[in-house]
Amino acid sequence: MKYLDEFRNSDLVHNAIARLHRITHHPWVIMEICGGQTHSIMQNGLNLLLPEKIELVHGPGCPVCVTSLELVDKALAIAAQPDVIFCSFGDMLRVPGSSGDLFSLRASGSNIKIVYSPMDAVKIAQQNPGKQVVFFAIGFETTAPVNAMSVLQASALKLDNYSILVSQVTVPPAMEAILSSPLNRVQAFLAAGHVCAVMGYHQYFTIAEKYQIPIVVTGFEPLDLVNGILKTVDLLEQGLNKVENAYSRIVTEKGNVAAQNIINTVFKKVDRNWRGIGMIPMSGLGLREEFELFDAEKRFSIAHISTHESEICISGQVLQGSVKPDHCPAFGTICTPENPLGATMVSSEGACSAYFRYANGKDSTS
Amino acid sequence: MINDLPNLTNPVCAVPHSHNDYIVMGHGSGGGMTHNLIQKVFAPHFTNSSLDANNDFGIVENTGKNRLAISTDAHIVSPLFFPGGDIGRLAVCGTVNDVSMSGAEVIGLTASFIIEEGFPIKDLERIAISMSIAAKEAGVKIVSGDTKVVERGKADGVFISTSGIGYIPEGTDIGGANAKPGDAVIISGTVGDHGMAVLTARGDLGLETQIRSDVAPLNGLIHSLLLEIPDVHVLRDPTRGGLATTLNEIATQSEVNITINEASIPLNPEVSSTCELLGFDPLYVANEGKLILILPDTMAEKALRILKNHQYGREAVKIGMVLPDPQKRVLLRTRIGSNRILDVMTGEMLPRIC
Amino acid sequence: MCLAVPGKIIEIKNSPGAKMGKVDFGGVSREVCLDAVPEAVIGNYVIVHAGFALNTLSEEEAQATLDAFREIDALDAELGITSE
């Protein structure tokens with residue numbers, strides 16, 4: 001595919017890695033924010049090719065992992081109601097709530113549909129006027145524009161049977177939460193390339209200044225990741241706390257203003273609970289008053305949800321990069337991908353799930 | 001050394017929640033959950049040396065000279081008709097292929113139908129015609145059948161179950177436990193076509209593609225191969241769970257490691273693009289007209305010539321080797337030259353957003 | 001969090017409520033919302049996430065990045081950058 005394959009070119013990646021080896025003289029701890037970046041690193045075996053002095057820690061950039069237990073339980077409660085068509089991105093279906101997940105709810109007869117885009121959920125609402133169509137609007141700033149767009153479209157079409165269950169989170173407060181933690185080991189960030197395509201990276205200048213760390217906007221293909229790491233190490237080795245862009249074909253400093261306007265028309269900043277981490281103030285997006293009609297939490301009367309999260313799970317510390325998954329006492333014993341205790345073992349972008357496959361392989365199952 | 005290798009974070013997002021009490025979709029995916037279900041629920045009660053060999057076929061002795069290979073399969077595809085085929089063609093080819101992977105000459109099939117009340121008879125006839133065409137192409141007869149009807153809502157249109165029987169020529173020993181260190185691993189053509197054809201045909205994802213299922217009977221191809229190369233070690237068609245899962249099965253049965261080269265795996269560009277869009281890995285997507293061939297490396301060139309000479313093997317390519325290490329793992333040499341573990345699929349592959 | 005893929009705009013429709021288009025991704029195409037790329041025209045590349053174009057892709061910048069990596073070995077040799 002054009003503009004993907006070229007950034008997977010083996011020779012170019014090797015050139016870049018060779019340079020990285022040449023310029024890395026000290027040990028560094030770098031966090032890649034985005035679950036998609038973690039995925040690409042693991043899938044391409046990139047971490048094996050990096051200099052040993054570079055330690056990559058995985059950030060909380062997986063909206064599937066960090067959607068609060070309470071919201072998952074609300075999703076289950078809504079989806080279980082008659083005459084509801086509950087639409088979701090595929091990867092949310094297996095996230096366990098306090099009891100069960102959307103998959104098992106579907107097995108017992110609820111109408112749950114996987115969609116590629118919330119705009120397809122709006123179409124489903126148009127085609128099913130007798131049903132309430134609810135879309136599980138998870139995501140970071142990358143997904144906020146299209147989630148917002150679905151509300152604007154439903155509004156323009158005067159649909160009274162479409163609503164969204166909002167679980168939007170934003171990156172900069174999470175970065176600050178990580179950096180201000182006493183357990184923090186992160187010395188630099190690879191910022192999430194597609195979030196920055198929307199938001200730009202001007203927000204990171206104050207963070208870089210305040211915490212004295214470099215931040216480099218990074219893409220997802222092997223060459224992009226090595227490029228981001230190269231620029232980061234270069235800054236670290238020189239002791240420079242700057243913000244740089246290693247994904248210039250997609251990202252500009254101010255981002256996509258039209259997309260930001262779409263977000264701001266529909267959403268406003270709210271406090272948000274991150275599964276495994278806790279409440280981070282003003283780290284989420286919620287619907288503005290004028291769009292309250294499309295808020296599924298208000299449209300459906302759901303009895304008080306009491307959630308039950310494992311007390312043993314330390315995914316919060318894993319998400320902040322301060323503990324490696326295989327140092328958790330529950331790892332691989334009572335907490336496995338088949339029986340996850342927490343967020344990071346649930347999603348395949350989650351660090352614990354990734355480590356499980358790396359550490360266990362097939363030996364323990366045979 | 002192997003322990004240093006990073007493992008694939010399976011591109012299926014959200015690893016399955018434990019489902020101990022009820023069947024969920026992941027149990028039917030062909031990956032880890034299916035395997036566990038079979039081991040826990042069926043194997044203890046059905047155990048015998050034929051079944052426990054874990055091939056796609058079972059071998060039984062009869063009073064005559066030859067061994068028989070028997071296979072059975074149920075087909076529940078949705079939509080029933082998709083570009084490149086339909087449930088009928090799938091039902092015939094699937095079982096013909098499974099029996100043929102033993103090296104057997106398929107001598108007959110059975111077909112049983114569970115039909116939903118309200119299903120249009122003209123569609124049923126369309127399926128029957130398709131089965132007839134596939135069976136003729138494969139040179140096999142459907143010799144027995146059964147039909148049942150269930151109430152509306154109790155079946156997805158129609159379910160078809162087929163069984164097949166074949167005679168294994170004397171001296172033929174092909175099976176998943178036979179891969180030997182130093183063997184070449186060959187795939188007969190592009191991977192992921194069937195799974196992506198069916199998925200995009202459902203229409204839920206709004207994708208417009210020209211992808212066609214590869215569903216085809218491979219007994220003719222296998223016959224051509226075995227005529228000239230009797231010393232084939234393993235034949236298997238990578239159906240549910242895809243190439244990665246099937247290679248893992250073979251690695252486990254043969255107690256070897258298998259290494260494959262990502263850059264050499266043949267892919268239809270449209271299948272590749274569709275997988276990128278949805279976040280799928282084509283190595284885990286089902287195929288219904290391809291086979292994995294494992295044989296002594298000295299015979300690899302010859303095998304490739306024979307395969308490429310056949311309509312169902314035109315894009316055959318050697319993709320890897322069998323290694324002597326007994327960790328029963330599949331290793332992928334990535335496009336960028338690193339080596340990582342290629343695991344089995346767990347649960348169902350879902351379009352992801354991350 | 002961000003599975004987004006580059007594709008080429010092959011059709012633009014001005015539907016009520018949103019600027020929609022069809023984007024081709026190497027042989028597979030899909031309807032995509034182009035509201036956030038109002039100046040994009042047929043033939044432009046966009047980066048698409050969940051049916052929404054996040055931004056246009058700059059082909060010049062893409063080439064510049066690739067060119068920089070093609071020359072990296074020679075450049076480092078000139079600058080005397082070696083491994084320690």
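This report covers a chain-to-chain contact, a pair of domains and a sheet in a predicted model.

Residues are numbered from 1 along each chain as its sequence is written, and chains are lettered from A in the order in which they are written. In this predicted model, local features need pLDDT of at least 70 and side-chain atom pairs count only at pLDDT 80 or more, while totals for chains, interfaces and linings use all residues.

**Chain B against chain C**

Chain B gives 15 residues to the contact and chain C gives 11 residues. Two residues are in contact if their C-beta atoms, placed from the backbone, lie within 7 Å. On the chain B side, β9 (207–208) and α8 (269–278) give two or more residues each. The largest share, 6 residues, comes from α8(B). Helices (H or I, at least four residues) and strands (E, at least two) are DSSP runs, numbered from the N terminus.

Strand pairing also links the two chains. β9(B) pairs with β3 (residues 28–33) of chain C in the antiparallel sense, over 2 bridges. Two strands pair if DSSP finds at least two bridges between them. Glu208(B) stands opposite Ser29(C) in β3(C).

**Two domains in chain B**

Chain B is assigned domain 1 (53–168) and domain 2 (174–341); such bounds come from an automatic or database domain assignment. Their centres, taken over C-alpha atoms, are 23 Å apart. The contact takes 25 residues from domain 1 and 25 residues from domain 2. On the domain 1 side, α3 (87–100) and α4 (121–138) of chain B each supply at least two residues. The largest share of that side, 7 residues, comes from α3(B).

The table sorts two contact sides by residue class. Ala, Val, Leu, Ile, Met, Phe, Trp, Tyr, Cys and Pro count as nonpolar, Asp, Glu, Lys and Arg as charged, and the others, Gly among them, as polar.

| Side | Residues by class |
|---|---|
| Chain B, touching chain C | 5 nonpolar, 6 polar, 4 charged residues |
| Domain 1 of chain B, touching domain 2 of chain B | 12 nonpolar, 10 polar, 3 charged residues |

**A sheet in chain A**

Chain A holds an open sheet of 6 strands with mixed pairing, in the order β4-β3-β5-β6-β11-β10. β4 (111–114) and β10 (267–274) of chain A stand at the edges with a single partner strand each, so one side of each has no neighbour in the sheet. Neighbouring strands are turned by 25 degrees against each other on average, direction ignored.

Within this chain, β3 (residues 84–88) and β5 (residues 132–139) run parallel, joined by 4 bridges. Val84(A) stands opposite Gln132(A) in β5(A). Helix α7 (residues 118–127) of chain A lies across β3, β4, β5 and β6 (162–169), running at about 175 degrees to β5(A). Axes are lines fitted to C-alpha atoms, for helices over the stretch in contact, and angles run from 0 to 180 degrees between N-to-C directions.
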